[in-house]
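Subject: Structure handover and notes

Dear colleague,

I am passing on the structure below, followed by notes on what was found in it. Please read them beside the coordinates.

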Amino acid sequence: MTRRSSPAGTVPGPHNAITDVPGVRIGHDTRVGEGFLTGTTVVLLPPSGAPTAVEVIGGGPATRDTAALDLRAGGASAHAVVLTGGSAYGLAAAAGVLEWLAADGRGAQVVAAQPGLLLPLVPTAALYDLGRGGEFGARPDAAFGRRAAQAAADSPAFAPVAQGCVGAGTGAVTAELKGGVGTASAVLPGGTVVGALAAVNAHGSTLDPVTGLPYALGLGAAGEFPLATPSAAEHTAAQRRLAEPGRARTGLALPVPGTGPDPALGPNTVIGAVATDAPLDAAAVHRLAAAGQRGMARAISPVHSRTDGDTVFAVSVPGSDDGGGPADPLPAVLAAAECAFARAIVHAVLQAESVVTPFGRIAAYRELYPGACAALPLK
């Protein structure tokens, strides 16, 4: 397999996470058991908010307050972004984040004479994981959002981000494997930081069917993905397990050899965010969100189907500019965002862990390809 390289000079930030972008904090709320296999993730922004945009592609989105980000209205500043399980029901998590932000004194002032009346903007996207823990009604509500927002606020600046089966990625799956949450970052020449966070619940596959390696593996920075190419025997064994008839009990969009995923087997959706400390106007932030979608297309195939509601938010949290970068940083920022989102998807797949549900076992990449993963850090 020929591995394409990430942009020249790409260097991950200290934690290779979206929190390498100054002012961005992440909080997860995860619930497993008693019918639950789901969660919520909050991208907490500075108290004053930050310019935010969204790009939605696919036939089945579940979103809230995305119209407020419409470029035709000049864009808007959000105070937090919510990624959640629970499909349309899970959008209720946003209410808890809204309440938490207002109680913390964050939000736009509604009436000049009454400074206590605050209205935060909390755009939200949900992925479909309903019933994967056994109970259709076991899904995120406002309490999930409040807990995730508090977890984000309690985390220190530039904290590492938990990955795998946490938050919005708790019940996530791909065409073949257990999905999850992943993150990545890049520091550009001159110091601009770009980060991405993805909750991978893809209708399509993240793996090259010929090699068994993630499609976007070659976009990683040096040493980022210490995977070996699976042996022919390991790849054959993994494909045999994926084709077992009993796996159909999970109700997931699993592939039939030679045909790809069955489009009739239920909704999915990849959701996520990209962020940068480059000062971008509304149009440029929208292009940043579109770059995240291009990164998704580099890491998943097929993508943006009628059962996917693939949604990427983009945020500009301007930091200090040392003047060492290019006069127009946007092309480099967009290229880094595209690759960072694709890399975040790879991390989500590699950090995920197998899970046993009432419908059967959903295997993770590490379980199916242990030889290829021998050099990966232990979880």
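Helices (H or I, at least four residues) and strands (E, at least two) are taken as DSSP runs, numbered from the N terminus. This is a predicted model, in which local features need pLDDT of at least 70 and side-chain atom pairs count only at pLDDT 80 or more, whereas totals for chains, interfaces and linings use all residues. Residues are numbered from 1 along each chain as its sequence is written, and side-chain values use heavy atoms, with hydrogens and water left out.

Backbone first. Most residues other than glycine have a negative phi, and most peptide bonds are trans. The bond between Ser301 and Pro302 is a cis peptide bond, with omega at about -10°, and Pro302 lies in the loop that runs between helix 5 (282-299) and strand 15 (311-316). Glu34, which is not a glycine, has a positive phi of about 55°, and Thr269, also not a glycine, has a positive phi of about 110°. Thr269, in the loop between strand 13 (260-261) and strand 14 (271-276), counts as buried at 2% relative accessibility.

Turning to the sheet, five strands form an open arrangement in the order 1-2-6-9-4, with mixed pairing (two strands pair if DSSP finds at least two bridges between them). Strand 1 (25-33) and strand 4 (63-64) stand at its edges, each with a single partner strand, so one side of each has no neighbour in the sheet. Strand 2 (residues 36-44) and strand 6 (residues 80-84) run antiparallel and are joined by five bridges, and Val43 has Val81 in strand 6 as its bridge partner.

On the surface, Val110, Val111, Leu117 and Leu119 form a nonpolar patch, with about 320 Å² of accessible area together (Shrake-Rupley method, 1.4 Å probe).

Lastly, the cysteines: with a disulfide taken as a pair of cysteine sulfur atoms within 2.5 Å, the count is zero. Cys339 is buried at 5% relative accessibility, and Cys373 is buried at 8%.

Best regards

Methods: Buried means under 20% relative accessible area, exposed over 50%, partly exposed in between (1.4 Å probe, protein chains only). Patches are made of residues with over 30% relative accessible area and no salt bridge: like charges are joined within 9 Å, nonpolar side chains (Val, Leu, Ile, Met, Phe, Trp, Tyr) within 5 Å. A salt bridge is a side-chain nitrogen of Lys or Arg within 4 Å of a carboxyl oxygen of Asp or Glu.
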